[in-house]
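Student: Please pick one part of this model and take me through it closely. Then show me what surrounds it.

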Amino acid sequence: MVILQVPHPMLTCNLPYNDTPVPIEHTLVMLKMMNKLMADGLAANQIGYPFRIITVAPNLVMIEPEILEVEGELVADKEACLSLPNAVYSVERALKGVTVRYRDTWNILREHKFHGYTARVIQHEIDHLNGILISDRGTEI
Ligand SMILES: [Zn+2]
């Protein structure tokens with residue numbers, strides 16, 4: 001299994017929502033892949049899965065995550081992406097509070113507010129599910 005890189009079309013498509021639970025083994029593969037690569041997060045389409053799943057290090061799985069509320073001003077900082085090797089972008093994100101609703105691996109609906117770097121990673125990964133890359137959002141540095 002490899003990480004897809006630009007200009008792979010999976011990286012620029014807006015992934016569909018599903019009525020049926022996503023295959024649980026996909027989330028396990030994603031966690032394993034993310035941790036093996038020592039990445040902070042991973043989106044399903046980066047490894048070719050057409051599902052709205054993200055993982056955030058070390059072990060958070062979010063299925064069909066939706067950002068409900070964003071608090072605070074946008075803060076620019078460096079971001080890199082496994083799908084855009086050797087590039088670093090300055091990207092503005094809300095860091096004070098990002099409330100996300102998602103389903104966990106038991107299909108239980110959860111709602112949680114994230115802050116700081118975790119909030120940044122979650123916004124980066126949810127962008128992936130919508131086909132948005134850091135090259136669309138930021139400036140290369
Ligand atoms: Zn990325």
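Tutor: A helix here is a DSSP run of H or I at least four residues long, a strand is a run of E of at least two, and numbering starts at the N terminus. Keep in mind that this is a predicted model. Let's take helix α1, which covers residues 24–36.

Start at its end. M38 follows α1 and has a positive phi, near 55 degrees. Now the helix itself. α1 is built from 13 residues, and 19 Å separate its first C-alpha from its last. That is close to the 18 Å expected at 1.5 Å a residue.

Next, its sides. Which residues of α1 are buried? They are T27, M30 and M34. Why do they belong together on one side of α1? They span an arc of only 60 degrees around the axis, so they share the same side of the helix. "Buried" means 20 or more other C-beta atoms within 10 Å of the residue's own; "exposed" means 12 or fewer.

What covers the buried residues? The cover includes β1, β2 and β3. α1 lies across these three strands and runs at about 40 degrees to β2. In residues, β2 is 53–56 and β3 is 60–71.

Those strands belong to an open sheet of five, in the order β1-β2-β3-β6-β7, with antiparallel pairing. β1 (41–43) and β7 (109–114) are the edges: each has a single partner strand, so one side of each lacks a neighbour in the sheet. On average, neighbouring strands are turned by 35 degrees against each other, direction ignored.

Walk across the sheet from β2. A hairpin of three residues links β2 to β3. The two strands run antiparallel and are joined by four bridges. I53 stands opposite I63 of β3. I63 also has a bridge partner in β6, namely R103.

Now step back along the chain. Y17 is in the segment before α1. Beyond its neighbours within four places in sequence, Y17 contacts R52 and E64. Its C-alpha is 24 Å from that of S135, which is 118 residues away along the chain.

For comparison, look at helix α2, residues 116–129. Its 14 residues should span 20 Å at 1.5 Å a residue, and its end C-alpha atoms are 21 Å apart, so the two agree. Ten of the 14 are buried, so α2 is largely enclosed by the rest of the structure. Among the buried residues are A119, V121, I122, I126 and L129. R120, Q123, H124, E125 and H128 are buried too. Just after α2 comes G131, with a positive phi of about 75 degrees.

Notes: Residues numbered from 1 in each chain as written. Predicted model: local features only at pLDDT ≥ 70, side-chain atom pairs only at ≥ 80, totals over all residues. Pairing = 2+ DSSP bridges. Axes fitted to C-alpha atoms, helices over the stretch in contact; angles between N-to-C directions. Contact = placed C-beta atoms within 7 Å. Expected span 1.5 Å × (residues − 1). Arc of directions from axis to C-beta.
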